[in-house]
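This briefing gathers notes on selected residues and on the nonpolar packing of the structure shown below. It is meant to be read alongside the sequence and the coordinates.

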Amino acid sequence: MSQIKKSQTKAAIISYAVGFALSIALTLIAFMLVQQHVGSGHTQISHQMATIGIVSFAVVQLIVQLVFFLHLGQENRPRWNLVVFLFMLIVLVIVVFGSLWIMQNLNYNMMTPVESKAYMHDHQGF
Amino acid sequence: MSNLFASTTSSEMTSSKSYVGFWLYLMTDCILFASLFATFAVLRGNTNGGPVGAELFDLNFVLIETILLLASSFTCGLAIIAAHANRRKFVLIGLAVTFALGAGFLGMELYEFAQLASEGHGWQGSAFLSAFFTLVGTHGLHIATGLLWMLVLAVQVIRVGLGGSTVKRLTLFSLFWHFLDVIWILIFTIVYLLGAL
C-alpha cells in the first residue's frame, strides 16, 4: 500500500470515529435530558425547553451523520446529491407539516360546540 | 468503474453515476418514511382510551437498541474503509460485527413488539399503536433487508474477493446502512424521547 493511500485510510478512520463519538454523545445527552425531566416529575426543566433541547440535539446529530457517515457535500460539482437532498427536504417539510396543519384544522372544525368552547378556553382563543 | 470506487478519494466516488442513482433511491425512501412520520404525528394522541407512549415504552431498552445500531453503523464504515484499502480479512470481520450488531438490534425490536402485543397493545389497539407499528416496523423491515444484503455481500467477498464491482456494492450497502441509522435517530427522538415527555 502506498504512503498516500495509507494516510487516506487513516484520515477516513478518524473521520468515522469522530462521527461515531459525536453521535453517541448526542444520543446520551438527549436521553439524560429526558431522564432528568421525567425523573424530577416534569418539574426540573420546563416541558417546552426539554422539547426544544431534544429536537435540536437530534438535528445536530442528523447533520453529523450526514456529513461524517453519508459524505454529504463532499462530492465534485455539480453537487447532485446535495441538490436532490435539499429537494427531498422541501417535500418532507410539506408532507409532515402540511399533514399536521390540515388535520389540526379538521379537528377544530369538527368539534361540537361544547368541545370547541373547552378548546378555546385551553388555547386562549384559537 | 470498480477501480474508481476502489482507489480514489471520496469526492470522486460520491460523484459517480451508481452512487448518485442509489442516493436518489434513498431520498425517495426518505419520502416514504416522511409520510409514515406524518401519520404517526397526526395519530399519536388517538390512543382509544389506551396507554400513551410514555406508559408503554422502556427508554433504557430503546437506548441500548440505539447504541447497537450506532455501533453497527460505525463498524460498517470501518469495513468499507478496509475494502477501499483492499484488506479482505478486515472487510469480513467488519461485516460480521456489523451483522451481529444489526441482528441484535432487530431481535430487540421484535422482542419489544412481541412484548407489546402480549400485553394487549398490538397494532389493532388504537390509531396510535397502528401508526407506531407501521413506522417502526417499516424501519425493521429495512434492517432485515440490509442483513440479507450483508450476507450476500459477505459470500461475494469470500468467493470472488475485492475485485470486480464488489467494492462498489459494499460502498452502496454502507450508504443504505448509514441511512437506516439516520432514520432510527428520528424514530428514537420523535417516537420514544418526545413520547416520554
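Asn48(B) sits in the loop between α3 and α4 (53–56) of chain B, and its phi is near 55°, a positive value in a residue other than glycine. Because its relative accessible area is 64%, above the 50% limit, Asn48(B) counts as exposed. The model is a predicted one, and the points below should be read with that in mind.

- Most residues other than glycine have a negative phi.
- Like Asn48(B), which has a phi near 55°, His71(A) has a positive phi, of about 55°, although it is not a glycine.
- His71(A) belongs to the loop between α2 and α3 of chain A, and it is buried because its relative accessible area of 15% falls under the 20% cut-off.
- Arg77(A) is also found in the loop between α2 and α3 of chain A, but with a relative accessible area of 69%, over the 50% cut-off, it is therefore exposed.
- Arg77(A) and Leu26(A) are 51 residues apart in sequence, and their C-alpha atoms are 31 Å apart in space.

**Helix α2 of chain A and its surface**

- Val60(A) lies in helix α2 (residues 47–68) of chain A, and at 39% relative accessibility it is partly exposed, because that value falls between the 20% and 50% limits.
- The C-alpha atom of Val60(A) is separated by 9.5 Å from that of Leu22(A), although the two residues are 38 positions apart along the chain.
- Val67(A) is placed in helix α2 of chain A as well, and its relative accessibility of 34% makes it partly exposed.
- Together with Val55(A), Val59(A) and Ile63(A), Val67(A) makes a nonpolar surface patch of about 290 Å².

**Nonpolar cores**

- The largest nonpolar core has 75 residues, and those with the most contacts inside it are Trp23(B), Phe132(B), Leu170(B), Trp177(B), Trp184(B), Ile187(B) and Tyr192(B).
- At least two residues of this core are supplied by each of α1 (3–39), α2 and α3 of chain A, and likewise by each of α3 (17–43), α5 (59–84), α6 (88–118), α7 and α8 (166–196) of chain B.
- The largest share of this core, 20 residues, comes from α8(B).
- Leaving aside residues up to four places away in sequence, Ile187(B) touches Phe37(B), Leu135(B), Val136(B), His139(B) and Tyr192(B).
- A second, separate core consists of nine residues, including Tyr16(A), Ile24(A), Phe69(A) and Ala71(B).

**A buried threonine in chain B**

- Thr138(B) is found in helix α7 (residues 127–160) of chain B, and it counts as buried because its relative accessibility is 17%, under the 20% cut-off.
- When residues up to four places away in sequence are not counted, Thr138(B) touches Leu32(B), Phe33(B), Leu36(B) and Phe133(B).

**Confidence in chain A**

- Chain A averages a pLDDT of 87, and 96% of its residues score at least 70.
- Among the elements of chain A, helix α3 (residues 80–109) has the highest mean pLDDT, at 92, whereas helix α4 (residues 113–122) has the lowest, at 81.

Conventions. Residues numbered from 1 in each chain as written. Chains lettered and ligands numbered in written order. Predicted model: local features only at pLDDT ≥ 70, side-chain atom pairs only at ≥ 80, totals over all residues. Heavy atoms only, no water. pLDDT = per-residue confidence, 0-100. Helix = DSSP H or I, 4+ residues; strand = E, 2+ residues; numbered from the N terminus. Buried < 20%, exposed > 50% of the residue type's maximum accessible area, 1.4 Å probe, protein only. Contact = heavy atoms within 4.5 Å. Patch = residues over 30% accessible without salt bridge, like charges linked within 9 Å, V, L, I, M, F, W, Y side chains within 5 Å. Areas by Shrake-Rupley, 256 points an atom, 1.4 Å probe, with all protein chains shown as cover. Salt bridge = Lys/Arg side-chain N within 4 Å of Asp/Glu carboxyl O. Core = buried A, V, L, I, M, F, W, Y, C linked by side-chain atoms within 4.5 Å.
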